[in-house]
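Here's a quick walk through a metal site and the sheet that goes with this fold. Have a look at the model first, then read on.

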Amino acid sequence: MNLQGIKITWLGHATFFIETPGGKKILVDPWVQNNPKCPDNKKKLPGIDVMLCTHGHGDHIGDGVELVKKHNPVVVGAFELCMWMQKKGAKQISPMNKGGSQPVADVRVTMVHADHSCGIQDGDEIVYGGEAAGYVIEFEKGPKVYHAGDTAVFGDMQLIRDLYKPELVMLPIGDLFTMGPREAALACKLLQPKAVVPMHFGTFPALTGTPDEFKRMTSNLGIEVIAMSPGQTI
Ligand code: NI
Ligand code: MN
């Protein structure tokens, strides 16, 4: 698929570093330094303009506070998650909620539903982090990208298709805490993207879904499965 100058690097698990054709840097889910799948040579980021947070679990925002202090990005997330980030030192927050869109840097992001939980581990407490979400990212040109966050499959993915028509989607396939390959294949039917990047698998032994299994289950759909390796850029 032609990304028209958009560069997307998978840092492992659900974390993606996206560079826009205009040179803006977007980090989806700040789990980098402590992400066991992130290659060491990718852990030092050249900067972050926008930090998109899908939800507050440690395998998504575990390095958020540290990265916020270092790079001072605009933090986008659910209202409660943003307020928590602000309390932890974020100077720029841009809270939102599902169904809403806003411009950040040179993209437009829409927060969409995810069927998942969201508590933030804060010391020995779990605090409410708002609801878990996904994002549709619209660039000045090029394909629309949908990062589903952690989620089960849900019928309203059809609405995401109808409203935004994302061409490239990142879907979790690891099972146990999110969809497995079977559910993600149905998500592909609902979303009808041109291409899909599987994520959130294999990081821990319990996340058993594999890209091969996912490919088999989607082979009749005419959708390109882009099985990236951690650190790879498309
Ligand atoms: Ni989660
Ligand atoms: Mn997760």
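Are His55 and Asp150 buried or exposed? Both His55 and Asp150 are buried (under 20% relative accessible area with a 1.4 Å probe, protein chains only).

## Ground rules

This is a predicted model, where local features need pLDDT of at least 70, side-chain atom pairs count only at pLDDT 80 or more, and totals for chains, interfaces and linings use all residues. Residues are numbered from 1 along each chain as its sequence is written, chains are lettered from A and ligands numbered from 1 in the order in which they are written, and side-chain values use heavy atoms, with hydrogens and water left out.

## The metal site

His55 (NE2), His57 (ND1), His116 (NE2) and Asp150 (OD) hold the nickel ion (ligand 1) at 2.2 to 2.3 Å. Donors here are N, O and S atoms within 2.8 Å of the metal (3.2 Å for Na, K and Ca), and sites may look incomplete because water is not among the atoms. Along the sequence, the spacing of these donor residues reads H-x1-H-x58-H-x33-D.

The manganese ion (ligand 2) sits 3.2 Å from the nickel ion (ligand 1), and Asp150 coordinates both. His55 and Asp150 are 95 residues apart, in the loops between strand 4 (50-52) and helix 1 (58-61) and between strand 12 (145-147) and helix 4 (157-164). Helices (H or I, at least four residues) and strands (E, at least two) are DSSP runs, numbered from the N terminus.

Seven strands form an open sheet with mixed pairing, in the order 7-8-11-12-13-14-15; strands pair if DSSP finds at least two bridges between them. Strand 7 (101-104) and strand 15 (224-225) are the edges, each with a single partner strand, so one side of each has no neighbour in the sheet.

Strand 14 (residues 195-199) pairs with strand 15 in the parallel sense over two bridges, and Val196 stands opposite Val225 in strand 15.

Terms used. Buried means under 20% relative accessible area, exposed over 50%, partly exposed in between (1.4 Å probe, protein chains only).
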